[in-house]
Amino acid sequence: MEYEEAIMIFESSMKKRVVQIERCSVGIANYVFAVSTGAEKFILRCSKEEDAYKAAVYWLSKLSVCEIPVPIVLSKGTYGDYSYLILSYIPGDDIGNVYHKLNDSEKKQIAREVVEIQRKVSGIDISVDEEWTWNSFIDELLNRADERMKRKHYFDIEKIHIIKNMQQEIKGYLDAVRPTPYLDDISTKNLLIYEGAVSGVIDIDWIGLGDILTFVALTKVALLNMNLDTRYIDHLLDEIYPSKIEYKAFVFYCLLYCVDFMGERGMQFLDKKIPVNESIIKRLNDIFDILMEEWDKCCEG
């Protein structure tokens, strides 16, 4: 998408002149721009998918009444081939971008804030299909990773079979997971940090239903993949205080997301390609081995 198109969409909708516009690095399925009119700043999201932001508008409306720091919807519609959504701007940067600057006290406070946000989200009233099961979500994630890994051949597909065997080992726990609402995509991205504290949650096109521990697992794998420490994960777990079987499920989810990351390597999303090289392949294989050691410890205890 060209900048000129984005400017036309914004100015046509908001009746304000664009002074500055820049493409944001977030959003592999959308074109996301930070737009400045001089006195104000906004976020413009664009997609060629028809009615692309119906779900986002719905969930932002739901979450706004929970006293959660989410963007305000200012305008939405279609322009030419694009669906668009214009949101209020929240200052801050993705936690993954500022993580190395955070001290341990700040990581602990952020973990406390994030778990409190998740507890507020868990109280949202939602309707769930009768056929919903937590295992179906896990199957979907595993099958997607399986298909992608087979297509690219960067990683050993045997890893998928190992995780499927683990799934059977903790089947009783997984079968008992209820469809509890939670934000499932606030890992090293979509969680904004400003001056060492949470300033907002962004890019909400859906929310998860199931086990809150998955967002912690996703975050751990993302941090490991970025060669960052995992003290923030320790603080999140301290706030959630998982039981022995819950912690074992958490390690299982970490392995689940590890193969999901493997499956994404080399994939193309819009004009962005997920990088892959020997170093990245080795790092993800090493992370898998580290997590396998953690799983074995859980089985011994």
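Which residue in β3 stands opposite Ala34? The points below, on a predicted model, take up this question and then turn to the aromatic residues.

1. The residue opposite Ala34 is Ile43 in β3. The strands concerned, β2 (residues 31-36) and β3 (residues 41-47), run antiparallel and are joined by six bridges.

2. These strands belong to an open sheet of five, whose order is β1-β2-β3-β5-β4 and whose pairing is antiparallel. At its edges are β1 (20-23) and β4 (73-79), each of which pairs on one side only. On average, neighbouring strands of the sheet are turned by 20 degrees against each other, direction ignored.

3. Helix α1, formed by residues 3-14, lies across β1, β2, β3, β4 and β5 (82-88). Relative to β5, the helix runs at about 65 degrees.

4. Because Tyr31 lies in strand β2 and Tyr82 in strand β5, the pair ties together parts that are 51 residues apart in sequence. Tyr31 and Tyr82 are both buried.

5. A stacked aromatic pair is formed by Trp134 and Phe137, with 4.7 Å from centre to centre and 15 degrees between the planes. Both residues lie in helix α5 (residues 134-152), where they are three residues apart, about one turn of the helix.

6. Are Trp134 and Phe137 buried or partly exposed? Trp134 has a relative accessibility of 2% and therefore counts as buried. Phe137, at 23% relative accessibility, counts as partly exposed. The cut-off that applies here is 20%, under which a residue is buried.

7. Two lysines are placed over aromatic rings. The charged end of Lys159 sits over the ring of Phe288, at 5.2 Å from its centre. Lys248 lies over the face of Trp295, and here the distance to the ring centre is 5.1 Å.

Methods. Residues numbered from 1 in each chain as written. Predicted model: local features only at pLDDT ≥ 70, side-chain atom pairs only at ≥ 80, totals over all residues. Heavy atoms only, no water. Pairing = 2+ DSSP bridges. Helix = DSSP H or I, 4+ residues; strand = E, 2+ residues; numbered from the N terminus. Axes fitted to C-alpha atoms, helices over the stretch in contact; angles between N-to-C directions. Contact = heavy atoms within 4.5 Å. Buried < 20%, exposed > 50% of the residue type's maximum accessible area, 1.4 Å probe, protein only. Phe/Tyr/Trp six-rings, centres within 6.5 Å; stacked < 30°, edge-to-face > 60°. Lys NZ or Arg CZ within 6 Å of the ring centre and 35° of its normal.
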